[in-house]
Amino acid sequence: MRFRVLLPLFLFGVLAVTAILIPVGAAIAQSRTQELQLQRGAALQQIVQRATPAFESGDARELESYLDRFTETFGETAIVVDGAGERIAASGDFASDPETFAVISSALRGVPQRDLATVTPWSSRTATLAAPVTLDGRTPEGAVALRIDQQVAQRDVGAGWASIVAIGAALLFAVLLASVFWTRWVLRPVSSLDTAANALAENREYALDADAGPPELRRLSRSFARMARSVELALDQQHGLVADASHQLRNPLAAIRLRIDGLPRGLGDPGSDAEVAAIERDLDRLEHTVARMLALANAEHRATAAGSGHGGAANDASPRPNDDALVTTSAARLIAPHRERLADARISVVADDDSRPVRFRRSDLEEVVELVTDNAAKYAAGSTFRIELRGQGDGTRTVLVMSDSGPGLASSEIPLVGRRFWRAAVHAQLPGSGLGLAIVEQLARANDAEVAVDRAPEGGLRIMIIAGAA
């Protein structure tokens, strides 16, 4: 964007400086030409006056002597001819060429050539001036031609042009420098807003200078800051609402549980006993859902706090003391606490013992494995569960891969995995809340990791947690 603003400003500066320098350069050339023309015109008139007595007396010796002194002084040649064009006197090596002959012929016809073309560095090195010599003031008796050396004038014009080019370059540099500072002043709040918007979208900390740039952009920056604070407040309120609601629901649920447990049973009414058992199952599901909602709210709060770099997480969502963000473990150690649960679901476990470093809080990593194995026990009973830790790329990433050989999901359903409260149609009648993998994704985000879900080679579901290795 800076280039798009600078380019028209610079082009405008080039046009403005060029519009100034071209007339100045033309004026320098015209002034030097006029100066040379006046000097040599006066010299030509002096020669005409000296030639008149020579024509009257027929003696050109004095005229020859004057022309020689003129050539020695100015380094330029001159010639005097009679009415027939025959040479009367000359100085130096005055070579006649068609242009000189035409100028002398015009002077003999009474048409003097006293004007010079504008001198430029690429003009001809010499120019010829001519004037008629008259005795009675009317009929030309002869003509005087003066060949002028224009090299000094050309150098003067070139030097003048070089000076104005240097001045123009300095002006352009000043224009460019001013444009850079102006553009930076105008665009700095725009760049700051862009950085802040990206940081806000990625839940990172941002710094916004609301007092930089033009007044309109300052107001825009302040409006963005208010909007960002409102968004952050809304997110905090959302997380707080879910967490508070989950906490508050626990008490009435516990009270209902106590009342249900206190109901008399086994009084000979099978219908009442079945109804109480159904209520207990519904309470179990509700308590499980509330617990998962609380876990999801805590995970989201921690992920947001970790990503933004500011704002503390809730106390119950804070990491455990001494829970280092870099752990070295193996797949076998991670799955060990859950082998019995999987065995109850007739699931065999395949895990390697190779230890690898993982940039992931130990408690979060253990919770991720627990959530995934819980899903496998519920939805992939009788299958094989594989878990492994392996390096990726140049060793800067570690991937935790967990897969099963169960029935899996349809290809159209795999992109929906991780959506809150979403459950596959085949699992609708099985216990669950649809929040397990959503919690996994938030725990991964809190540890700057990624989650990928696809179909396992064995046919079931494969979940990969891609985290840092150092």
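Axes are lines fitted to C-alpha atoms, for helices over the stretch in contact, and angles between N-to-C directions run from 0 to 180 degrees. Helices (H or I, at least four residues) and strands (E, at least two) are DSSP runs numbered from the N terminus. The structure is a predicted model, in which local features need pLDDT of at least 70, side-chain atom pairs count only at pLDDT 80 or more, and totals for chains, interfaces and linings use all residues. Residues are numbered from 1 along each chain as its sequence is written, and side-chain values use heavy atoms, with hydrogens and water left out.

The secondary structure of the protein comes to ten helices and eleven strands. Of the 470 residues in the protein, 39% are buried, where buried means under 20% relative accessible area, exposed means over 50%, and partly exposed lies in between (1.4 Å probe, protein chains only). Contact is taken as heavy atoms within 4.5 Å. Among contacts between residues at least 6 apart in sequence, 67% join residues at least 24 apart.

Helix H9 (residues 362–379) and helix H10 (residues 436–446) have axes that come within 9 Å and cross at roughly 160°. H9 and H10 are therefore roughly antiparallel to each other; angles under 35 degrees count as roughly parallel, over 145 as roughly antiparallel, 65 to 115 as roughly perpendicular and the rest as oblique. The crossing of H9 past H10 is left-handed, a term used if the near helix is turned anticlockwise from the far one by less than a right angle, with clockwise giving right-handed. On the H9 side, Asp364, Glu367, Val368, Leu371, Val372 and Asn375 take part, and they meet Gly436, Leu437, Ile439, Val440 and Leu443 of H10. By class, this contact of H9 with H10 holds seven nonpolar, two polar and two charged residues. In this classification Ala, Val, Leu, Ile, Met, Phe, Trp, Tyr, Cys and Pro count as nonpolar, Asp, Glu, Lys and Arg as charged, and the others, Gly among them, as polar.

A nonpolar core is a set of buried Ala, Val, Leu, Ile, Met, Phe, Trp, Tyr and Cys residues joined through side-chain atoms within 4.5 Å. The largest such core has 36 residues, and Phe360, Phe385, Ile387, Leu400, Met402 and Ile465 have the most contacts inside it. Two or more residues of this core come from each of helix H7 (331–335), H9, strand S8 (384–392), strand S9 (397–404), H10 and strand S11 (461–468). With seven residues, H9 gives the most to this core. Leaving aside neighbours within four places in sequence, Ile465 is in contact with Phe360, Val368, Thr398, Val399, Leu400, Met402, Val440, Ala449, Glu450 and Val451. A second, separate core of 25 residues includes Leu36, Ala78, Val119 and Val144.

In helix H3 (residues 98–108), the buried residues are Thr100, Val103, Ile104, Ser105, Ser106 and Ala107. Their cover includes strand S1 (77–82), strand S3 (126–134) and strand S4 (140–149). H3 is followed by Gly110, which has a positive phi near 90°. Strand S1 also contains Thr77, which counts as buried at 14% relative accessibility. Apart from neighbours within four places in sequence, Thr77 is in contact with Thr71, Ser91, Gly92, Asp93, Phe94, Ala145, Leu146 and Arg147.

Another buried threonine is Thr329, at 3% relative accessibility, in strand S5 (residues 326–330). Its contacts, with neighbours within four places in sequence set aside, are Leu334, Asp354, Ser355, Arg356, Leu365 and Leu389.

The loop between H10 and strand S10 (450–455) holds Asn447, and Asp448 is found in the loop between H10 and S10 as well. Asn447 counts as buried at 8% relative accessibility, whereas Asp448 is exposed, with a relative accessible area of 64%. Not counting residues up to four places away in sequence, Asn447 touches Arg359, Phe360, Arg361 and Asp364. Phi of Asp448 is near 55°, a positive value in a residue other than glycine. Arg346, likewise not glycine, has a positive phi near 60°. Arg346 lies in the loop between helix H8 (339–344) and strand S6 (348–351) and counts as exposed at 60% relative accessibility.
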